[in-house]
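Please load the model shown below in a viewer and keep the selection panel at hand.

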Amino acid sequence: MTFADLLVQLVNGLAQASTLFLLASGLSLIFGVTRVVNFAHGSFTMVGLYAAIAMAERLGGAAGFWLALPLAALAVGVLGAVAEMLILRRVYQAPELFQLLATFGLVLVLKDAALWLWGPEDIFGPRAPGLSGSVELAGLAVPAWDLFLIALAPLLLLALEALLARTRWGVLVRAATEDRHMVGALGVNQAWLFTGVFALGSALAGLAGALQMPREPASLGLDLVTVTDAFVVVVIGGLGSLRGAFLAAALVGVVKTLCFALGGVEMGGTTFNFSKLTLVVEFLLMALTLVLRPWGLAGRAPAAAQESPALVEWVRVPGVRFAAGAGAALLAAAALPLLADEYAVVLATDIAVFALFAVSLHFLMGPGGMAPFGHAAFFGVGAYAAGLLAQAAWPMAAALLAAPLAAAAAGLAVGWFCVRLSGVYLAMLTLAFAQIAWSVAFQWDDVTGGSNGLVGIRPAPWAADKAHFYWLVLVFGGTALALLWRVLQSPFGFALRAARDNPRRAQALGIDARRVQWLAFPAAAAAAGLAGALFAYSKGSLSPEAMGIARSVDGLVMVLLGGLHTLAGPVAGAALFTWLQDEIIRRTDYWRLILGAVILLLVIAFPRGVVGGLRHAWKERS
Amino acid sequence: MALLEAEQLRKRFGGVAAVDGVSFAVAAGERVALIGPNGAGKSTCFNLVGGQLAPDEGHVRLHGHEVTGTPPRGLFRLGVGRTFQVAAAFASMSVVENVQLALLSRAGRAFGALARAVTAFRAEARALLLRTGLDALADRPCGQLAYGDVKRLDLALALANQPRLLLMDEPTAGMAPAERHALMALVSAIARESGLAVLFTEHDMDVVFGHADRILVLDRGRLIAAGDAATVRADPEVKRLYLGEAAEGPS
Amino acid sequence: MSGETLIQARGLNAFYGRAQALFGVSLEVRRGEVVALLGRNGAGKSTTLKALMGLVPPRAGEVRIAGTAVRGWAPYRICRQGLGYVPEERRIFAGLTVLENLEVGRRPPREAVPAWTPQRLFELFPNLGRMRERPGGAMSGGEQQMLTIARTLMGNPLAVLLDEPSEGLAPVIVAEMARVVRELKAEGLTVLLSEQNLRFAAGITDRAYVMEQGAIRHEGQMAQLLQDEALHARYLAV
């Protein structure tokens, strides 16, 4: 490639960076004040783009295009304000994972709302009147719209900084970022302050979307792609820092386009294809940043007082009665194939697989006190390990033993990085690793089959019968559950809770809190990997979706359905969730809307989870 | 030989010297208080000795062995116990389970993954609770304790490794006056019996003058006075910078 | 002492989760008075102040600020009604300068009391006047404590709640704090403070309530209270 091509790509990268900054600044502002990482931020961008195109068409002409930009931003700002008042206000006191989950519920609802309003097809927008051509720059033709976007970002940064530094509203926002309750006690109506910040952040997201009109079509997949980009930029820049977001946006935008531009490069005799890195490179950057500068380029360590309410609650160590109850439940589950049809057995197999997945996630979330948002990575590693071994003609039993080991190795590696962080940062880093794993599965066609995935993963002949396979899952899954529960009663389990309850106290008692948390990762990953391997054999085929964001979120919903403070909770949550999902998908095209609504209802009505909530209500009564 | 020696400790935070060349020693069985105005460097000094921070310069020695920069969990193995200003034990466990975990850690068994923790060191844990007056609360969830009892539990945990040096950061902060003296009397008794050396920071001058054999006064990162209660009270510099009227008060 | 009643509480019950923290607390503070809530740690002093401010919403009872019933109101409305709150843990905004901290507390002037401005506050707290542009995080503990009081005064409150103003401060700063409270009283401000340090409270308050286990056990003039040895032994145990 020539230098000129590189320059054109650079302009393209910077234009993308400008959009990223718009996205990230809104997300960062919202996080700063409300401490909520808004998963629906990308959805606001998506809605902004759809709305802008619709408005530009309705209004018509050049004026229509230019008017549509602020109008779409305004509309999305109002949408954000409404969402804040109806939903987010109710979860500000909740632990951060609940907040992430609530906003993910919003993602699902908005996606189906867009599907209903604008249909499943991509919609192309008009080009910018007056800026549709290209500009001659150093002998190169550069799109005028890109230059417009590049100029916009620094202006917006200055405007936002002035707003925060020079206006009373800005001072109040900064004060609320530090201590929102104190701001309330000083006579400021925080509810309106929060709504205002949320509206502003959403409007910025909407504007970012609207500005894409000349660049890309509106599509339903935009929400998650956009929000993961925005997460990456905000985390690299430092949560809550506008300047950090600006720097990080430029970095990510440029590095991504450079990878694309470099394409295949000869290195030591082999061709290394950089363009394949585009999906992964931003997550690599993010992981690198989090390891080198855990609070981002320009971020600061969060004040201890602002950490989310701990999930610490007294836990009685399970005794003989719990073991007897669990054994009885397992026996009852084993009787199912004798009583029900094959459909029920297949569903029960899914439930058992996901129960194991949910319990492994709970191990990290509950006793471990960590907030992993990419647990599906371990599930996926286990599933792909089993799938690849099956294709290499390993016997099923051997593959089922090797897959958890592969996942545990991944857990050991990922955990090493993750335990250096906490809270939202840890959640984001696990998400990054999960996305890296997903991208590898998606792009490494030769090994993983790429987007087609793996096929022909058949169970051993003796387990081919659905009922036999179900019993096999119960045996493997039950053993793994018993082991995890046993570990929780061991000194290691106590040390893990100690590291969560009070890490400083634990250190002073000679317990290496970080090491304890680190070792919890391979344990949980092995169980998740086993679930993945069983899943692969039960389905017979695999696609990268096995470790997508949606799978991670499914796991979180299961755990939160069941509640964090009970050992049986995740199992009940997995059963309820898997059954509900099966029922809903069979009945409607708008299953996301219903799932999203269920998530929102759950998080708002049952912050302790269903099992935990019922138990609490029972205790209150007696 | 002194049990604990700090020599020329220095620590800067962004150009500001929080601790600027502080040296002192604590002998076995001795109770030493570290006092000074807010921002004088007490906490930093304390954290340098306790391993929470590493000094930019200077040395910390325990029994003559260099332990500068050793993290808290390493100091635990060398016989240093520590309590915290804002005491908080492990809220998801009962009182006795807290102590059992500390004992398991001392025995190097905190990473055992298959043994049952609730049956380990039960008798020894009960004995420690008896010593600190918490026996009746042994099976109480620790999150439900009154604050004074959490402070006691904090002490019980710090004593679990039979320390030779006990570091207490504001041991009586947040306690009622009567409780304060009871707690410090207990610490003093243990120090007498077992030759335990105690270094503590404290704001309550009644506690300081009543329970310290020797007092170190810090101001702006430097040691401005050291000696017994009478010496420190009479020091004009200390009076001016820190004690004010309280120097004349009763104790 | 004969002024109207500014703060009135009757039969307040408050809870932390399921644990009851206040049991029928009743008290009143008249305009211009400086009143102390005394008692051991955990007696319910701070909780009483938080309940008055709406930070721990009382589940039963009545709170009146300058005659208006405010139970169930959000803290920001109670603040606007004329009650200022200075928390025990200071909670200044570390990233904001002294002037910006004051700006957060600023409310419109009130007819009954002279309006506070940064200028007037810097006369009361000369130290703060010398560090107007300094971020709160770079101030010493004593300076921060002064800033929290100044910040609350910017709301032009009719009455101020001071939670443990002497806790954790060096004796010289405690003396400075006593001076400030006396000057505020001279300005006509009404103060209700919680305190464990009897010596400090004795020097600045007119009247005191003694609390134990979430309830008020005794009420009286400070001078009487100081002489009642039995009372000390039972509730204050100095």
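Begin with the contact between chain C and chain A, to which chain C contributes 20 residues and chain A 16 residues; two residues are in contact if their C-beta atoms, placed from the backbone, lie within 7 Å. On the side of chain C that touches chain A, α2 (75-81) and α3 (98-105) of chain C each supply at least two residues. Helices (H or I, at least four residues) and strands (E, at least two) are DSSP runs, numbered from the N terminus. That side of chain C holds 11 nonpolar, 3 polar and 6 charged residues. Here Ala, Val, Leu, Ile, Met, Phe, Trp, Tyr, Cys and Pro count as nonpolar, Asp, Glu, Lys and Arg as charged, and the others, Gly among them, as polar.

The model is predicted: local features need pLDDT of at least 70 and side-chain atom pairs pLDDT 80 or more, while totals for chains, interfaces and linings use all residues. Residues are numbered from 1 along each chain as its sequence is written, and chains are lettered from A and ligands numbered from 1 in the order in which they are written.

Next, select α6 of chain A (residues 168-178) together with α3(C): the two helices pack at an angle of about 100°, with their axes 9 Å apart. Axes are lines fitted to C-alpha atoms, for helices over the stretch in contact, and angles run from 0 to 180 degrees between N-to-C directions. The arrangement of α6(A) and α3(C) is therefore roughly perpendicular, a term for angles of 65 to 115 degrees. Display the side chains of A:Arg168, A:Val171, A:Leu172 and A:Ala175, which meet C:Glu100, C:Glu103 and C:Val104.

Now select the whole of chain A, which has 26 helices and 4 strands. The C-alpha trace of chain A spans about 75 × 65 × 50 Å along its principal axes. Of its 622 residues, 57% are buried, meaning that 20 or more other C-beta atoms, placed from the backbone, lie within 10 Å of the residue's own. Among contacts in chain A between residues at least 6 apart in sequence, 80% join residues at least 24 apart.

Finally, turn to the contact of chain A with chain B, which takes 26 residues from chain A and 33 residues from chain B. Select α19 (466-489), α20 (491-501) and α21 (503-508) of chain A, each of which supplies at least two residues of the side that touches chain B. Which helix gives the most to this side of chain A? It is α20(A), with 8 residues.

Definitions and conventions: A residue is buried if 20 or more other C-beta atoms lie within 10 Å of its own, exposed if 12 or fewer, and partly exposed in between; C-beta atoms are placed from the backbone. Angles under 35 degrees count as roughly parallel, over 145 as roughly antiparallel, 65 to 115 as roughly perpendicular and the rest as oblique.
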